[in-house]
Amino acid sequence: MKKLGFGFMRLPLSDKNDFGSIDIDTVKKMTDMFMEKGFCYFDTAFPYHREKSEEAIRECLVKRYPRDSFILADKMPTARVTSGDDYPVIFETQLERCGVEYFDCYLLHNIWKKSYRETESFGGFDFIREKMKEGRIKHFGFSFHDEPELLDEVLKNHPEAEFVQLQLNYLDWESPGVRARECYETARKYGRDIIVMEPNKGGSLINIPKEAEELFRAYDPDGSNAKWAMRFCASLPGVRVVLSGMSAIEQLSDNMSFMDDFRPFNDEEIKITEKVRDIVAKSAAIGCTKCRYCTEDCPAGIPIPEFIDAYNSYCMTKNMGNAGMYYRRYAMGRGLASSCLDCGNCEQRCPQHLKIRKILSGIADTFEPKN
Ligand code: SF4
Ligand code: SF4
């Protein structure tokens with residue numbers, strides 16, 4: 001199987017202010033291009049795009065291609081489960097939304113300390129085993145957002161999990177917060193396949209400082225920053241698929257250009273990437289991946305990842321004009337950073353363990369005029 005996976009989480013939109021308004025015609029074109037080149041792995045999840053991603057999979061892929069010509073991965077939204085009774089209801093809803101009889105790959109979405117304990121106590125693993133016996137789940141895994149010690153515990157207790165979806169990218173590789181390398185090594189220790197998510201850290205590794213970009217260009221004048229980020233992950237032994245949340249045809253074409261006939265990193269490319277990592281790590285203000293989990297339960301309706309994006313852009317460029325314009329645009333019809341109610345829901349959900357309330361306070365100080 002080719003190693004590029006199509007993540008249906010940052011699809012092109014018809015209305016850029018409405019995350020649920022997926023541009024189905026463009027996604028159909030992208031799906032066709034992807035399939036034509038022999039790529040076949042598609043990834044969706046219950047909450048993506050305000051719960052419209054699974055339907056987009058049905059319209060763009062399932063209705064238009066033979067069922068055995070693609071691999072479909074979906075995920076049980078552990079954050080929505082409040083008792084064991086929820087599992088069958090959600091699972092059937094997902095099959096119906098996707099228009100399929102079974103999932104090739106099915107994951108428990110976002111396993112971390114709290115969701116792991118809950119899944120154990122609600123019988124989530126038993127439910128999965130039952131669906132596997134029924135043939136409605138072919139392969140089982142989980143996406144993981146916590147420390148390697150917990151990953152070790154889950155993998156030890158659940159040999160039925162064939163693969164793990166991990167957040168790996170060259171910037172987080174040695175990050176003391178994310179500990180990507182240690183998580184990777186834990187999964188390898190148990191011999192599990194690895195699916196990579198966030199290979200470019202939600203786009204953060206696309207807009208990198210000029211000095212870093214020059215190092216990449218000196219070696220590979222035509223190679224994009226995405227190419228370096230994706231190939232770093234795809235070069236790691238045990239990685240079966242690298243997911244990319246592609247939002248435009250150009251991104252898809254670029255990804256396919258180097259993942260079609262994939263060539264792993266050589267020693268020099270590893271060294272260059274390590275140098276770039278140091279430069280980017282010094283310049284990045286806040287390591288948000290734009291996964292949007294924090295926005296699911298925010299009573300103030302604050303577009304947290306967009307605000308962080310505007311703030312990061314300001315920190316990198318020091319261009320208040322542009323960044324401030326983005327901030328005001330993102331805030332239109334939603335909550336300002338200063339409207340945070342301090343409930344902490346967002347921080348409970350953030351896989352990067354960001355201190356979102358403190359960050360929002362800094363963002364309000366930066367962008368909101370003082371009276
Ligand atoms: S702490 Fe603030 S930003 Fe976070 S969920 Fe609550 S209101 Fe929203
Ligand atoms: S703040 Fe955290 S939860 Fe929210 S989008 Fe960023 S990384 Fe995801």
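Biologist: What should I know before starting?

Modeller: The model is predicted, so local features need pLDDT of at least 70 and side-chain atom pairs count only at pLDDT 80 or more, while totals for chains, interfaces and linings use all residues. Residues are numbered from 1 along each chain as its sequence is written, chains are lettered from A and ligands numbered from 1 in the order in which they are written, and side-chain values use heavy atoms, with hydrogens and water left out.

Biologist: Which residues of helix H4 are buried, and which are exposed?

Modeller: An α-helix has 3.6 residues a turn, so residues three or four places apart point the same way. Helices (H or I, at least four residues) and strands (E, at least two) are DSSP runs, numbered from the N terminus. Buried means under 20% relative accessible area, exposed over 50%, partly exposed in between (1.4 Å probe, protein chains only). In H4 the buried residues are Asp 86, Tyr 87, Ile 90, Phe 91, Gln 94, Leu 95, Arg 97 and Cys 98. They lie on the same side of H4, because their arc around the axis (taken from the directions from the helix axis to the C-beta atoms) is only 165°. Val 89 and Glu 96, on the other side, are exposed. Just after H4 comes Gly 99, with a positive phi of about 75°.

Biologist: Where are the buried residues of helix H5, and what covers them?

Modeller: In H5 (residues 113-122) they are Ser 115, Tyr 116 and Thr 119. These fall within an arc of 100° seen down the axis, so they line one face of H5. Their cover includes H4, strand E4 (103-111), helix H6 (124-133) and helix H7 (148-157), where contact means heavy atoms within 4.5 Å. Gly 123 follows H5 and has a positive phi, near 80°.

Biologist: Is Arg 277 buried or exposed?

Modeller: Arg 277, in helix H12 (residues 267-283), counts as buried because its relative accessibility is 11%. A polar atom of its side chain lies 2.6 Å from the backbone oxygen of Tyr 170.

Biologist: How many residues surround ligand 1?

Modeller: A residue is near a molecule if one of its heavy atoms lies within 4 Å of it. By that rule 14 residues surround ligand 1, and the closest are Cys 298, Cys 340, Cys 343, Gly 344 and Cys 346. Helix H15 (345-349) and helix H16 (356-367) each give two or more residues to this shell.

Biologist: Which residues are closest to ligand 2?

Modeller: They are Cys 288, Cys 291, Arg 292, Cys 294 and Cys 350, from a shell of 13 residues.

Definitions and conventions. Polar contact = N/O pair within 3.5 Å; in protein donor to acceptor, adjacent residues only side chain to side chain.
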